[in-house]
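Dear colleague,

I am passing a structure on to you, and I would be glad if you could look through it before reading my notes. What I found is set out after it.

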Amino acid sequence: MAFINYSAREINCKIVYYGPGLGGKTTNLLHIYKKTNPEAKGKMISLATESERTLFFDFLPLALGVIKGFKIRFHLYTVPGQIFYDASRKLILRGVDGVVFVADSQVERMEANLESMDNLNKNLKEQGYQLDNLPYTIQYNKRDLPNVVSLEELNRALNPKGVPFFEGVAYQGKGVFETLKEIAKQVIMHLKKGT
Amino acid sequence: MPDPSLIMYEEEFRQIDAELQKLHQQANAKATLLVDKNGQLITCVGESQNLDTTSLASLTAGNIAAAGGMAQLIGEKEFSILFHEGERENIHITLIGRVILVVIFDQRSSLGLVRLRVKKSAESFSQIFNRILQKVEKPKVSGESAEAPKLAPASPFSEITEEDIEKLFG
């Protein structure tokens, strides 16, 4: 969970981007990296295979700014989406403060979305978390493609609790910062409640 | 249950820094870091100007987590020590409760010396972090009492508004 350092006057939080393989989690981070001022970001680390599939995680440290004299730092992580990397996904969820689920809007990826959502719930439970009690938002990515599922249907299948959701075209940056802003807001408000 | 947030106050931070300095000198290290198990850097001493300590902290935590996953697969609780040997630089990683101690050293030191000094420091770090955790948990349980630690300073979150958060994004 968050690390609050009164000495350095810093608050560090961990956000995990979860979702099916090739859904756009890394693309979200890449866009944030590209569009953030150099002084507000650290190096982006991608532990990927030779074919650029995430192997362990991507990591992007961001300094969002200062609130009440405290520097707010967010560490963004992605998980590897491919099914067989489940052990790695569990590890990355440890100490999570907020989750972004990046769903692939294409009809043929609905099953993968559902499977990944089940996997998220199961892995969070194993760590003692409940998705209902965590800051959480959904991004329906790839809205520019022709064969997409309607928002109503996506919400029915993946968002029964009606958490905030965003339409995304991550490679163009659409919806990326909106999603980040929403999860940042929820995480900070959640910390406020807990302290 | 997941670990509670790690909250560190000035007093403990100074103790940690002093302990880390001591270890750094005694182990003849190049740089010595203390990292939260979740990958956040707590503090570092030594030659860190040219070191990307944020990335190093995150990768260290990933490394420890992956080793822990492997340990469980073979019926071990965890692997608390990892050592990476390079041509010139080496990294010695030790898991101490919920924090990770990272010692980077070169030919000016040796694995034996680092292991010995880390072992001695581990106990001190354990004690300091136990006090930190007590400080976080105690006020909630018993309120103020004669033996309760000094009350924590007011939370930086208590007066945060949605407007403050909006401003972060310009």
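How much space lies in the largest pocket? In this model, which is a predicted one, about 950 Å³ of space lies there. The pocket is lined by 38 residues, and the closest to its centre are Lys90(A), Leu91(A), Arg94(A) and Gln127(A), together with Ala65(B) from the other lettered chain. Two or more lining residues are given by each of β4 (54-67) and α2 (86-93) of chain A and by α2 (53-73) of chain B; of the whole lining, the largest share, twelve residues, comes from α2(B). Sorted by class, the lining holds 19 nonpolar residues, nine polar ones and ten charged ones.

I then turned to the salt bridges, of which the count over all chains is 18; three of them are described here.

One of them joins Arg89(A) to Asp86(A), with 3.4 Å between the closest N and O atoms. Both residues belong to helix α2 of chain A, where they stand three residues apart, or about one turn of the helix, and both are buried. Helix α2 of chain A is also one of the elements that give two or more residues to the lining of the largest pocket.

Another salt bridge is formed by Glu166(B) and Lys185(A), whose closest N and O atoms are 3.1 Å apart. This pair crosses between chains, running from helix α4 (residues 162-168) of chain B, which holds Glu166(B), to helix α5 (residues 176-194) of chain A, which holds Lys185(A). Are the two partners buried or partly exposed? Glu166(B) has a relative accessible area of 31% and is therefore partly exposed, whereas Lys185(A), at 17% relative accessibility, counts as buried because the cut-off for that class is under 20%.

Within chain B, the side chains of Lys30(B) and Glu89(B) meet in a salt bridge with an N to O distance of 2.7 Å. Lys30(B) lies in the loop between α1 (10-26) and β2 (31-36), and Glu89(B) in the loop between β4 (81-85) and β5 (90-96), so the pair ties together parts of chain B that are 59 residues apart in sequence. Glu89(B) counts as partly exposed, at 32% relative accessibility.

Finally, some salt bridges share partners, and in this way Lys181(A), Lys185(A), Glu162(B) and Glu166(B) are joined into one network; the pair of Glu166(B) and Lys185(A) that crosses between chains has both its partners in that network.

With kind regards

Key: Residues are numbered from 1 along each chain as its sequence is written. Chains are lettered from A and ligands numbered from 1 in the order in which they are written. This is a predicted model: local features need pLDDT of at least 70, side-chain atom pairs count only at pLDDT 80 or more; totals for chains, interfaces and linings use all residues. Side-chain values use heavy atoms; hydrogens and water are left out. On a 1 Å grid over the protein atoms alone, a cavity is a set of points where a 1.4 Å probe fits but cannot get out, and a pocket is an open set with protein on both sides within 12 Å along at least five of seven lines; lining residues have an atom within 4 Å of a point. Grid points are joined across faces, edges and corners, and a volume is the space filled by probe spheres set on the points. Helices (H or I, at least four residues) and strands (E, at least two) are DSSP runs, numbered from the N terminus. Ala, Val, Leu, Ile, Met, Phe, Trp, Tyr, Cys and Pro count as nonpolar, Asp, Glu, Lys and Arg as charged, and the others, Gly among them, as polar. A salt bridge is a side-chain nitrogen of Lys or Arg within 4 Å of a carboxyl oxygen of Asp or Glu. Buried means under 20% relative accessible area, exposed over 50%, partly exposed in between (1.4 Å probe, protein chains only).
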